[in-house]
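Hi,

Here is the structure I promised to pass on. Have a look, and my notes follow below.

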Amino acid sequence: MHELSIAMSIVEVAQEEAQLRGVRVNAVHLKLGALSGVTKVALLSCYEIACDDTPLQGSRLIIEDVPVEIFCAQCGERRLLDSVQLFCCAECGQPASQIVHGKELEVVAMEVQ
Amino acid sequence: MSPEPRLVEVRQNVLKQNDLVARALRVQFRAAGVFVVSLVSSPGSGKTAFLEKTLTLLRSRFRVAALVGDLATENDAVRLARSQAPVRQIVTGTLCHLEAAMVRDALGDWDLEQLDFLFIENVGNLVCPSSYDLGEDLRLVLLAVTEGEDKPLKYPTIFNSADVAIISKSDLADAVEFDWSSARYNIQSVRPGMRVFELSAKTGDGVDRYLDFLAERLAESRATAAV
């Protein structure tokens, strides 16, 4: 369970960005890949704890789930995976190990005022 | 009156602090010519026995050292010291994984130029270590035959963060009726093309092929660094 340290890093990143801009943060938008190794539900509850006694107290964490997308060398196309248990092209069935998306753990935007 | 709420774009990797330290470590390792291998697995899959065997056998041909992470105790460092290689313990307290800064701090004054291989044994955990880059050249994930063939399907993320899979405790395979073809299939299913070594640290069976592979990777790494 490392979601608390991840949540604390999110708060840290958001605080830095807010300070640079001289704003107050209402919400943090996060991209969370299916292969990031982080669980959404646990992260949401840890976020509240991580915000306590910081300028971000009371802010919301808005998570956008990012599914795994692979590049199929056979088709020359990007494809979404049907299952993280089966890394192969959903169209042609070829095994595919080149991951294009799905490892994201990224603050992409903030609602501020 | 407070200003109107608005949306600003940010784009920051949450683990950027760790990634920066890991990147600096990688540069340092490359400059010193040391090849760094990390190990991840669930608790009890035989990481320490595997590492002890690795250190003992590699020592005759290479200069080796190890860092070993655990929540508590220095037992693993004591065990690994039997290999006569320099070993340092990282006690993480309650933290369930190693981070790049812990590796940097544990290295301290070690002269990396005096090493060919540095091994980093992560805390026994198949979830949390997957998110953290430690600056290693190669990440091994261990799966003991006693854990069952479907571990890769249950933990696809860690298998995807690793470069090589080791199926360990092969001497116990018959006793637990381990299904080799199903295990191999499951690994390829979550990580197509993954290199797999099947071995027993206890009997030494299969260990030579894996050690030769490490030696090749060290040579390749130094050849590309020299270009």
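First, a term: I call a residue buried if 20 or more other C-beta atoms lie within 10 Å of its own, exposed if 12 or fewer, and partly exposed in between, with C-beta atoms placed from the backbone. Bear in mind that this is a predicted model, where local features need pLDDT of at least 70, side-chain atom pairs count only at pLDDT 80 or more, and totals for chains, interfaces and linings use all residues. Residues are numbered from 1 along each chain as its sequence is written, and chains are lettered from A, ligands numbered from 1, in the order in which they are written.

Leu43(A), Cys46(A), Tyr47(A), Ala50(A) and Cys51(A) are its buried residues. Seen down the axis, they fall within an arc of 130° (taken from the directions from the helix axis to the C-beta atoms), so they line one face of α2(A). On the face turned away sit the exposed Val41(A) and Ile49(A). Just after the helix, Asp53(A) has a positive phi of about 60°.

On to the contact between the chains: 29 residues of chain A and 31 residues of chain B take part (two residues are in contact if their C-beta atoms, placed from the backbone, lie within 7 Å). β6(A) gives the largest share of chain A's side, eight residues. β6(A) also pairs with β1(B), antiparallel, over six bridges (pairing takes at least two DSSP bridges). There, Met110(A) has Val8(B) as its bridge partner.

Cheers

How values were computed: Helix = DSSP H or I, 4+ residues; strand = E, 2+ residues; numbered from the N terminus.
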